[in-house]
Structures are given as structure tokens and as C-alpha cells.
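The points can be read in order, with the structure open alongside.

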Amino acid sequence: MYCYLLKQVDLFLQIICKEKKYLWLLYIISNGLMLLTHLGGAFGLLTQWLWFVILIWQKQIKKPTIKKFILSQIPILVIWLLWLIPFFWPKLITIINSGW
């Protein structure tokens, strides 16, 4: 898992810092699969967001890249919700029926 997490961060750095545009699809698929297979992948995504905010604050990212990065998070979230909703729905129903 950790090797996969490091690969995600490497893809992030190549896309954001080196501006390799052809890796966006691989980045989306990679992050989506990581979230589907292991919940620890959320920490990798949070780390990427933290670096993203730091790089924006230091003004090292161009505006088109910022837009593409934010738009790339939408399919990743949709992929994760495909797993998250069915996983938590039965637990939510149980909590609601028991009155919290």
C-alpha cells in the first residue's frame, strides 16, 4: 500500500510541478482505485491537498493547473462515493432506527 501511496504523490508532483499534462487520467484512476481498495488512501489524498494549498500559497502553480486539479477531484470523489454510500448506508439506518 505504501508504495502505491508514494506513486500517487509522485504523480501529483509530476503533474503539478513539472506540468506533465498526459498524466491527469492516470492520476484520477490511481487515486480512485486507492480509495476503493484501502481507506488509508484518504491520507494520501489529504497530503496532496496540503501540498496543493502550500504551492498555491507560494504562487508556484499556474491558474489553468489549479482549475484542472480541482476538476480532477470530482471524478475521484464520485468513484469513492460508489463505495462509501453502500458501505455506510446500513450502519446509518441502524443508527437512525435506534434513536442515535
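1. Helices here are DSSP runs of H or I with at least four residues, strands are runs of E with at least two, and both are numbered from the N terminus. By that numbering, K59 falls in the loop between α3 and α4. Its backbone is worth a look, as K59 has a positive phi of about 60 degrees although it is not a glycine. K59 counts as exposed because its relative accessible area is 74%; the classes are buried for under 20%, exposed for over 50% and partly exposed in between, with a 1.4 Å probe and protein chains only.

2. A word on the basis of these remarks. The model is predicted, so local features need pLDDT of at least 70 and side-chain atom pairs count only at pLDDT 80 or more, while totals for chains, interfaces and linings use all residues. Residues are numbered from 1 along each chain as its sequence is written, and side-chain values use heavy atoms, with hydrogens and water left out.

3. How do α2 and α3 pack? Helix α2 covers residues 24-37 and helix α3 residues 41-57; their axes are 8 Å apart and meet at an angle of about 140 degrees. That angle makes α2 oblique to α3. Axes are lines fitted to C-alpha atoms, for helices over the stretch in contact, and angles run from 0 to 180 degrees between N-to-C directions. Under 35 degrees counts as roughly parallel, over 145 as roughly antiparallel, 65 to 115 as roughly perpendicular, and the rest as oblique.

4. On the α2 side, the contact is made by Y27, N31, M34 and L35, and on the α3 side by G41, A42, L45 and Q48. Contact means heavy atoms within 4.5 Å. Sorted by class, the contact of α2 with α3 has 5 nonpolar, 3 polar and no charged residues. Nonpolar covers Ala, Val, Leu, Ile, Met, Phe, Trp, Tyr, Cys and Pro, charged covers Asp, Glu, Lys and Arg, and the others, Gly among them, are polar.

5. The largest nonpolar core has 18 residues, of which I16, Y27 and F69 touch the most other members. Such a core is a set of buried Ala, Val, Leu, Ile, Met, Phe, Trp, Tyr and Cys residues joined through side-chain atoms within 4.5 Å. Two or more residues of this core come from each of α1 (2-16), α2, α3 and α4 (63-97).

6. What does Y27 touch, leaving aside its neighbours within four places in sequence? Its contacts are L11, F12, I15, L45, Q48, F69, S72, Q73 and I76.

7. Outside four places in sequence, F12 is in contact with C17, Y27, Q48, W51, F52 and F69. With the same exclusion, F69 is in contact with F12, I16, W24, Y27, W49 and F52. The C-alpha atoms of F69 and I15 are separated by 9.0 Å, though the two residues are 54 apart along the chain.

8. F12, W24, Y27, W49, F52 and F69 form one aromatic cluster. Rings of Phe, Tyr and Trp (its six-membered ring) pair if their centres lie within 6.5 Å; planes under 30 degrees apart are stacked, over 60 edge-to-face, and the rest tilted. By this rule the count comes to 8 aromatic pairs. The rings of W83 and F87 have centres 4.9 Å apart and planes at 15 degrees, so that pair is stacked. W83 and F87 are separated by about one helical turn because they are 4 residues apart in helix α4. W83 is partly exposed at 25% relative accessible area, and F87 is partly exposed at 36%.

9. Are the glutamines Q14 and Q73 buried or exposed? Q14, in helix α1, counts as buried at 17% relative accessibility. Beyond four places in sequence, Q14 is in contact with E19, K20 and L23. Q73, in helix α4, is buried with a relative accessible area of 10%. Not counting residues up to four places away, Q73 touches Y27, L45 and W49.
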